[in-house]
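User: I have a chain open and want to talk through its fold. Can you take my questions as they come?

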Amino acid sequence: MQEFPHSLSPLLSLLLAVLSLCLVVCEALLELLMISQKESERLENLTVSDIKLPDYAVITYAVCTIDKNACGWGGWMLEGTFTTSDAKTVILANGDDPLPTVTLQICPNCGGTIVRTDTAHLYDLAGQADLRMECR
Ligand SMILES: [Zn+2]
């Protein structure tokens, strides 16, 4: 093991103490961010009656073509899920409300960035889809 000069020893001890304290604080913060086992089980056992269902969803055909190592993958990407809203909030131009949705623009094959094509489709469970598409 390498010996450090005497003048560095107190400094190294202080540095180690600070790093140890940072590690303890980071671990405590991580525990605050993590959900409990009970909460995890509750979330995993949600049923359709516990979840707000979308009135419509929009998907777009996307391709993996722009990154340096693009793989050429093509497939449907979820743009979003929405509920119609009588309150007509100002979140969307048409007054509807977006629901939490995974919409990552990442290629499932190579991890590259995917690009939206002009082909989009709306799956409507509430009717009158053409009215909502006019606001897009
Ligand atoms: Zn790709």
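Analyst: Starting with helix α1, residues 9-33: its 25 residues should span 36 Å at 1.5 Å a residue, and its end C-alpha atoms are 36 Å apart, so the two agree. The expected span is 1.5 Å times one less than the number of residues. Helices (H or I, at least four residues) and strands (E, at least two) are DSSP runs, numbered from the N terminus.

User: Where do the coordinates and numbering come from?

Analyst: This is a predicted model; local features need pLDDT of at least 70, side-chain atom pairs count only at pLDDT 80 or more, and totals for chains, interfaces and linings use all residues. Residues are numbered from 1 along each chain as its sequence is written.

User: What does the pLDDT average for the protein chain, and which element has the lowest mean?

Analyst: The protein chain averages 85, with 87% of the residues scoring at least 70. pLDDT is the predictor's confidence in each residue, from 0 to 100. Where pLDDT is low, the predicted coordinates should not be read in detail.

User: Back to α1. How many of its residues are buried?

Analyst: The count is zero among its 25 residues, so α1 is hardly covered. A residue is buried if 20 or more other C-beta atoms lie within 10 Å of its own, exposed if 12 or fewer, and partly exposed in between, with C-beta atoms placed from the backbone. Over the 136 residues of the protein chain, buried residues make up 10%.

User: In what order do the elements run?

Analyst: From the N terminus on, α-α-β-β-β-β-α. That is three helices and four strands.

User: And the sheet: what is the strand order?

Analyst: The four strands form an open sheet, β3-β2-β1-β4, with antiparallel pairing. Two strands pair if DSSP finds at least two bridges between them. β3 (97-99) and β4 (115-124) are the edge strands, each pairing on one side only.

User: How many bridges join each pair?

Analyst: Strand β1 (residues 56-63) and strand β2 (residues 74-83) are joined by eight bridges. Seven join β1 to β4, and three join β2 to β3.

User: Which residues stand opposite Thr-60?

Analyst: Met-77 in β2 and Ala-120 in β4. Thr-83 stands opposite Asp-97 in β3.

User: Which residues make up the largest nonpolar core?

Analyst: Five residues: Ala-62, Cys-64, Met-77, Cys-107 and Ile-114. A nonpolar core is a set of buried Ala, Val, Leu, Ile, Met, Phe, Trp, Tyr and Cys residues joined through C-beta atoms within 7 Å.

User: What is Met-77 in contact with?

Analyst: Leaving aside neighbours within four places in sequence, Met-77 is in contact with Ile-59, Thr-60, Ala-62, Gln-105, Ile-114 and Arg-116. Contact here means C-beta atoms, placed from the backbone, within 7 Å.

User: Val-63 next. Why does it count as partly exposed?

Analyst: Because Val-63 has 17 C-beta neighbours inside 10 Å. Val-63 lies in strand β1 and, not counting residues up to four places away in sequence, touches Trp-73, Gly-74, Ile-114, Val-115 and Thr-117. From C-alpha to C-alpha, Val-63 and Gly-74 are 4.3 Å apart in space, and 11 residues apart in sequence.

How values were computed. Two residues are in contact if their C-beta atoms, placed from the backbone, lie within 7 Å.
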